[in-house]
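Subject: Structure handover

Hello,

Here is the structure you asked to see. My notes on it follow below.

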Amino acid sequence: MGDSVGSQSPKGSCSWGSLKFLTRRKQVDSASRNTEPLLAKELSVPHLIAIGVGSTIGAGVYVLVGTVAREVAGPALTISFLIAGLAAALSAFCYAELASRCPSAGSAYHYSYICIGEGIAWLIGWSLILEYTIGSAAVARGITPNLAEIFGGADNLPIFLSRQRIPGIDIVADPCAAILVLVVTGLLCVGIKESTMVQGVVTAVNICALLFVIAAGGYQGFKSGWAGYELPSGFFPFGVNGMLAGSATVFFAYIGFDAVASTAEEVKNPQRDLPLGIGGALFLCCGMYMMVSAVVVGLVPYNVIDPDTPVSSAFAKHGMKWAAYFINAGAFTALCSALMGGILPQPRILMSMARDGLLPPFFSDIRKQSQVPVKSTVVTGIAAAVLAFSMEVSELAGMVSVGTLLAFTMVAISVLILRYIPPDEVPLPPSLMDSIASVAKQYSLSSEDANVGISENQKPLIVKQGACIDYPLIINCLSVGNHLNEGNRRRVVAWSIGSISFGAVVLTYAASDLNLLSAVRFALCGIGGALLLSGLVFLSCIDQDDERHNFGHSGGFICPFVPLLPIVCILINSYLLINLGGGTWFRVSIWLAIGLLIYVFYGRTHSSLKDAIYVPAKQVDEIYQTSNSCLA
C-alpha cells in the first residue's frame, strides 16, 4: 500500500518484500466529491430491465429445459428453477446494495477494489474479461444453427453466412457469427441509449415468443389433460436430490443480471433505479423460466422429451409443428439479445481498470460525441469476432462460469466488509502532501489537548444488547472484545470474515469430493462447518460499524439479513465453483497465470495508487478544504 499518515514505513512500501500493494484500496464513490461523469447518463429502470433480461434469457431456456428435465429433475424442474432463482437473488441483493452505494463502471471489479484490495480486484477483473469474451463468442456461434432453422436448414443459408470447413487446418469457420459480433459492436459504439433501445426491442420479441409458448402450451395442456404430470413415478422421479441437482444446473441460466451493475455510471438515478433494474430483471426471468418449464414437462412426459429441441418437439407431438417458427424466432432473438448483453459490460470493465492504471490508458479513452468507451468496445468486438469465426468455443464454456461465480463470491464478501469494517483510510495524491501534513498536525495537537477519557482508537468491540443472553458461554467469549481497541476489533472481524470464506471452501470441497476417505471427508466437513458457524455467530453478536452509513452514496438499497444472507451466498457460490471440474480449472489457471504476469510487470507499477498517501477518512474533507483555501 502507499504511505500512511503517521506510519514509519518507507516510501517503497509497495515493494516485493511487503506485498502490501495487493491490499491497497481505492477511494469509494462519494456524493460530496462528485466529478462530472464521462459516460452519458441515459438509462432508467426500463432500460436496465431490458439489459438484465436480454443478458440472462438466452437460447439456453429452449434447450436447458429438456436436458435437465429428462436427466436430472423430471417434472420437478419448475421447483428447481424456483430454488435456483432464490439462490441467484442472494447475489442480486448484494449487487443491489453495492451498485447503489458505488455507482461507477466496473461492477464486481470496482467493488472488490474498494472493499478488499487491488490483488483480488485484478483477479476479478481479469476473470470477467475471460467470461465476457468467451461467452460472447459462444453465443455468436450458437446463432448460426438457429438462423438456419428459420431458413429451413443449413443448406438454404447464403454462402457468406454458412459455416465452412477450412482445408488443411481443420477449422470450421463461422462468418455469420463474426459478422453479427461486429454489427453489435458497431451498434454499441453509437451510444448507450441507442443500443439499449435496440436490445429492448429484440428482448421484447423473445418475451413474446416465450409468452406464446406459455399461452399456446397451457391451452393445449388443459385440452389434453397434462400427460406429463400423470406418470406413475410422480412429481419427483429422481427424488429431492434430483430436484436440488437440477437447481445447481439451471442456476447458470440466471447468470447475466450482473450486466446491469456494469452500467451503473450511465444510470440517471442509480440509488433508485439500479436495485429496481436488477430485481425486476431477475424476477421476470425466474417467472418466465418457471412457466415455460411447467408447460413443457406437462405437455410431454419427461422421459420422452427431446433434449435438443424440447419446446418445438413438445408442440409437434400435439400436432402444432407450425409453432416451431415462433420458437425458432424466439431462440434467434434471445441469442442476439444475449450477444449484446455479453459484449456491453466488458468495455466498461476494461475502462475502469485502465482508469485505475492497471491497464494502458488506451482502454479508458471515451468518445466525446457518444460518451462511450469506443476503443475498448472495438477491441472487445474484434477479440470476440475472431474467436467466434475460428474456434469451437463450446468446450471452453465452463470457463465463463468461473468469472461470474468468483465475482458473486467477492461481492458477498464486500458486503460483509462494508458493514463491519468499512475502509477507514482514504488514498490521496502526493500533490496534497502539504495539506495532509497541516491537517495531521492539527489533529495531533487537538488529541494532546483532549487527553482525557477514551480516544477513538480505543473504541471497544460492542456486543448487541440482549444478544445471546441465553448463552453465557458465547457472552464470556465475546466479553474479551471489551479489551479490544478499534484496530484490534477490525483485525478480529477481518479474521472472522476470512475464516468464513475459508470454511465455505473446505466444507463444499469435502462435501463434493466423493473420492476422499470417509474419515477425511467428515473431518474436513467438521472443520469447515465449525469455521463457518463460528464466524456467523461472532458477526451476528456484534454491532455493525456506524461508519457504514457514511460509506459511498447514501439513500440506496440496503441488503437484508446481514450477515446470514452474504454467508449463504458465499457457501452456494463456493459449492458451484468446486463442482466445475478439474479441466475447467486447469484452463482458467492458465488464463489467470497470464493475467498475473501482466499485473506484476505492468499493473503493479502503473497503478494510480502506487504513490498514494493514506489518511483517516474523517480528515479527507478538511484536507480538501485546506488545499482549496491555499489555492485561493
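This is a predicted model: local features need pLDDT of at least 70, side-chain atom pairs count only at pLDDT 80 or more; totals for chains, interfaces and linings use all residues.

Residues are numbered from 1 along each chain as its sequence is written, and side-chain values use heavy atoms, with hydrogens and water left out.

Overall, the chain has 22 helices and five strands; these are DSSP runs numbered from the N terminus (helices H or I, at least four residues; strands E, at least two). Of its 632 residues, 53% count as buried, where buried means under 20% relative accessible area, exposed over 50% and partly exposed in between (1.4 Å probe, protein chains only). Of the contacts (heavy atoms within 4.5 Å) between residues at least 6 apart in sequence, 84% join residues at least 24 apart.

Back to α6. Its buried residues include Pro-175, Val-181, Val-184 and Leu-188. Among the elements that cover them are α5 (118-151), β3 (171-173), α7 (192-224) and α12 (323-343). Val-183, also in α6, is exposed at 52% relative accessible area. Together with Ile-159, Phe-160 and Ile-179, Val-183 forms a nonpolar surface patch with about 420 Å² of accessible area. Such a patch joins nonpolar side chains (Val, Leu, Ile, Met, Phe, Trp, Tyr) within 5 Å, and like charges within 9 Å, from residues with over 30% relative accessible area and no salt bridge (a side-chain nitrogen of Lys or Arg within 4 Å of a carboxyl oxygen of Asp or Glu). Areas come from the Shrake-Rupley method with a 1.4 Å probe; for residues, only the protein chains shown count as cover.

In helix α7, Ala-209 is buried, with a relative accessible area of 10%. Leaving out residues up to four places away in sequence, Ala-209 touches Tyr-62, Phe-326 and Gly-330. Its C-alpha atom is 8.9 Å from that of Asn-328, 119 residues away along the chain.

Finally, the cysteines. With a disulfide taken as a pair of cysteine sulfur atoms within 2.5 Å, the count is zero. For Cys-94, the nearest cysteine sulfur is that of Cys-559, 4.4 Å away; Cys-94 is buried at 0%. For Cys-336, the nearest is that of Cys-176, 8.5 Å away, and Cys-336 is buried at 16%.

Regards
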